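Biologist: I've got a structure up on screen and a few things to ask. Can we go through it piece by piece?

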Amino acid sequence: MTVFLSSGRARRVALPVAFCVGLAAVLTACGEDPDEGTNGVGKLSATEIERKAQTAANAAGAVRLSGTLVTQGETYKLNMRLKTNGGTGTVTSKNSTFQLLRIEDTLFLKADAGFWSHADGEDGKATTKPSSADTEAADKLQDKYVKVPEDDPSYKQLSGFTDMKVLLAGILTLHGKLDKGTRDRIGGVKTIKINGGEGDGGTLDVSLEGAPYPLQLVRAGGAGTLSLADWGRDFELAAPTKGETVDYGSRLPATSD
């Protein structure tokens, strides 16, 4: 036997049914495990998450690091590809932009005219008005690779921008008492934040998908924000050709005021 409901009665039946379905969905959602389908590090303590992220980073053969880094009062904009035996990329400071290429211990520098005309004064600081000789040299050197001598005062600072181990050791350790923050997405990847001590610790986003790589660091005190991507993705490091290089022949300019 078929029973037909009037339109009014049908609506009265449909409303509580819809309510029950909606309530069930809410209750189900409340009971869902936020770590389901992730790598599970979200269940760990903040200290354990940091340790996992550091271990994953140290095991990776390569990384792309980009963003801003403030150190000793100087702001640098970085876009570097790094691996264990060298690195390449661009660094921009207040005074100039330069490209770096390091293969093992051999470091090459390619800079704009602003860098090469950044001559040092007697006090070691840059002069504001480069000499005609500096200007002429800058015109010849810009867009050419210069091999940086290992005994040059600039070698250690410049090579540091290409050293994966040194850079990661300096940025992946948060300070102060750690605590877990909110969950987020960086570049479409689920992450969990770990926060350092209030005021001086910074915030690190760690991937909840695949290996627990660090994906973003917000340094405390406005000291910059860095993104880390392409973990383990290898790339070629090739020395410039003879036609792409030129001999500077003297001490390189300082990279900051």
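Biologist: Where is aspartate 230 found, and is it buried, partly exposed or exposed?

Modeller: Bear in mind that this is a predicted model. Aspartate 230 sits in the segment after S11. Its relative accessibility is 23%, and the middle class runs between the 20% and 50% cut-offs, so aspartate 230 counts as partly exposed.

Biologist: What is the phi of aspartate 230?

Modeller: Most residues other than glycine have a negative phi. Aspartate 230 is not a glycine, yet its phi is positive, at about 55 degrees.

Biologist: What about glutamine 72: which loop holds it, and is it buried or exposed?

Modeller: Glutamine 72 is in the loop between S1 and S2, and those two strands form a hairpin with 2 residues between them. Its phi is positive too, near 50 degrees, and it isn't a glycine either. With 82% relative accessibility, against a cut-off of over 50%, glutamine 72 counts as exposed.

Biologist: How many bridges join S1 to S2, and how many join S1 to S11?

Modeller: S1 (residues 62–71) runs antiparallel to S2 (residues 74–83), and valine 70 has threonine 75 as its bridge partner in S2. S1 also runs antiparallel to S11 (residues 225–229), where glycine 67 stands opposite leucine 226. The counts are 10 bridges for S1 with S2 and 4 for S1 with S11.

Biologist: Is aspartate 205 buried or exposed, and which side chain does its own side chain make a polar contact with?

Modeller: Aspartate 205 lies in strand S9 (residues 203–207). Its relative accessibility is 1%, so it counts as buried. Leaving out residues up to four places away in sequence, it touches several others, including Asp184, Ile186, Tyr213 and Leu215. The polar contact, at 2.8 Å, is with the side chain of lysine 193.

Biologist: Which helix and which strand each supply at least two residues to the lining of the second largest pocket?

Modeller: About 150 Å³ of space lies in that pocket. Its lining has 13 residues, with Thr173, His175, Gly201, Arg219 and Ala220 nearest the centre. The elements you want are helix H6 (164–171) and strand S10 (214–218).

Note on methods:
Residues are numbered from 1 along each chain as its sequence is written. This is a predicted model: local features need pLDDT of at least 70, side-chain atom pairs count only at pLDDT 80 or more; totals for chains, interfaces and linings use all residues. Side-chain values use heavy atoms; hydrogens and water are left out. Buried means under 20% relative accessible area, exposed over 50%, partly exposed in between (1.4 Å probe, protein chains only). A polar contact is a pair of N or O atoms within 3.5 Å; within protein, one must be able to donate a hydrogen and the other to accept it, and residues adjacent in sequence count only if both atoms are side-chain atoms. Contact means heavy atoms within 4.5 Å. On a 1 Å grid over the protein atoms alone, a cavity is a set of points where a 1.4 Å probe fits but cannot get out, and a pocket is an open set with protein on both sides within 12 Å along at least five of seven lines; lining residues have an atom within 4 Å of a point. Grid points are joined across faces, edges and corners, and a volume is the space filled by probe spheres set on the points. Two strands pair if DSSP finds at least two bridges between them.
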